[in-house]
Amino acid sequence: FFSSRRRHTRLLTVTGVQTCALPISVAQTAAGQTSSSNGFVSTNPSIGGITGAGSLTIQIGTTTTTVTPTFSSATNAKEALEAVATAVNAAGIDARAQVVSANGASRLQVTRKTTGAASTMTLGGGLAAPLGFSTTTAARDASYTLNGAAHTSSSNVIQLEIGRAHV
């Protein structure tokens with residue numbers, strides 16, 4: 001695993017038809033876009049702004065998917081955000097959602113499953129405004145130097161003629 005925050009130089013061992021060692025330096029890993037909501041006090045029972053807002057739309061390329069969460073059992077902000085995450089994950093699209101909680105606040109994160117600079121999305125619909133989404137990780141390609149030559153890739157897998165390696 002290579003961190004996208006620091007440049008690492010390693011010796012890459014590739015196995016396949018033949019075994020060889022190549023120097024590799026990874027400047028950043030590929031990622032799909034992640035958008036996060038504003039933070040909400042997890043135990044706040046005042047969730048009307050979220051539960052009364054309707055649906056969330058997720059546009060990926062030219063396809064827009066509308067997800068409508070079921071808030072019937074939500075009694076606080078964290079549970080309301082979990083209802084949105086469940087609806088996104090049940091939609092079967094190239095995005096996943098999770099609720100991240102820290103210091104008494106919860107946020108909804110929606111992340112593209114596909115990596116690369118073209119892996120963007122647009123969030124809209126009635127839920128987008130009260131949730132207050134912002135991009136926290138921009139979609140990006142992997143950037144690395146292999147055996148002295150600079151490369152980019154939309155994936156974190158390097159395909160070589162003699163095998164493949166994961167960054």
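Colleague: What are the ground rules?

Modeller: This is a predicted model, where local features need pLDDT of at least 70 and side-chain atom pairs count only at pLDDT 80 or more, while totals for chains, interfaces and linings use all residues. Residues are numbered from 1 along each chain as its sequence is written, and side-chain values use heavy atoms, with hydrogens and water left out.

Colleague: Why is Ser 37 called buried?

Modeller: Buried means under 20% relative accessible area, exposed over 50%, partly exposed in between (1.4 Å probe, protein chains only). Ser 37 has 2% relative accessibility, so it counts as buried. Ser 37 sits in the loop between β3 (34-36) and β4 (40-41). Strands here are DSSP E runs of at least two residues, helices are H or I runs of at least four, and both are numbered from the N terminus.

Colleague: What does Ser 37 touch?

Modeller: Contact means heavy atoms within 4.5 Å. Leaving out residues up to four places away in sequence, Ser 37 touches Arg 107, Leu 108, Leu 131, Gly 132 and Phe 133.

Colleague: And why is Asn 103 called exposed?

Modeller: Its relative accessible area is 83%, so Asn 103 is exposed. Asn 103 lies in the loop between β7 and β8. From Asn 103 to Val 41 is 62 residues in sequence and 9.0 Å in space, C-alpha to C-alpha.

Colleague: How do you know that the length of α2 agrees with its residue count?

Modeller: The expected span is 1.5 Å times one less than the number of residues. Helix α2 (residues 77-90) has 14 residues and should span 20 Å; its end C-alpha atoms are 20 Å apart, so the two agree.

Colleague: What makes Asn 76 a cap of α2?

Modeller: A polar contact is a pair of N or O atoms within 3.5 Å; within protein, one must be able to donate a hydrogen and the other to accept it, and residues adjacent in sequence count only if both atoms are side-chain atoms. A side-chain oxygen of Asn 76 lies 3.1 Å from the backbone nitrogen of Lys 78, at the N-terminal end of α2. Just after α2, Gly 92 takes a positive phi of about 70 degrees.

Colleague: What makes up the largest nonpolar core?

Modeller: A nonpolar core is a set of buried Ala, Val, Leu, Ile, Met, Phe, Trp, Tyr and Cys residues joined through side-chain atoms within 4.5 Å. The largest has 29 residues, and those with the most contacts inside it include Ile 50, Leu 56 and Val 110. β5, α2, β7 (95-102), β8 (105-112) and α3 (128-131) each give two or more residues to this core. α2 gives the most, eight residues. Another core lies apart from it, with six residues, among them Leu 22, Ile 24, Tyr 144 and Ile 158.

Colleague: How do you know that β11 and β12 pair?

Modeller: Two strands pair if DSSP finds at least two bridges between them. Five bridges join β11 (residues 142-146) to β12 (residues 149-153), and the strands run antiparallel. Ala 142 stands opposite Ser 153 in β12. The hairpin has two residues between the strands, and Asn 147 takes a positive phi near 55 degrees.

Colleague: What makes β6 and β9 edge strands?

Modeller: The open sheet has three strands in the order β6-β5-β9, with antiparallel pairing. β6 (63-67) and β9 (122-124) each pair on one side only. β5 (residues 56-60) pairs with β9 over three bridges, and Gln 59 stands opposite Thr 122 in β9.
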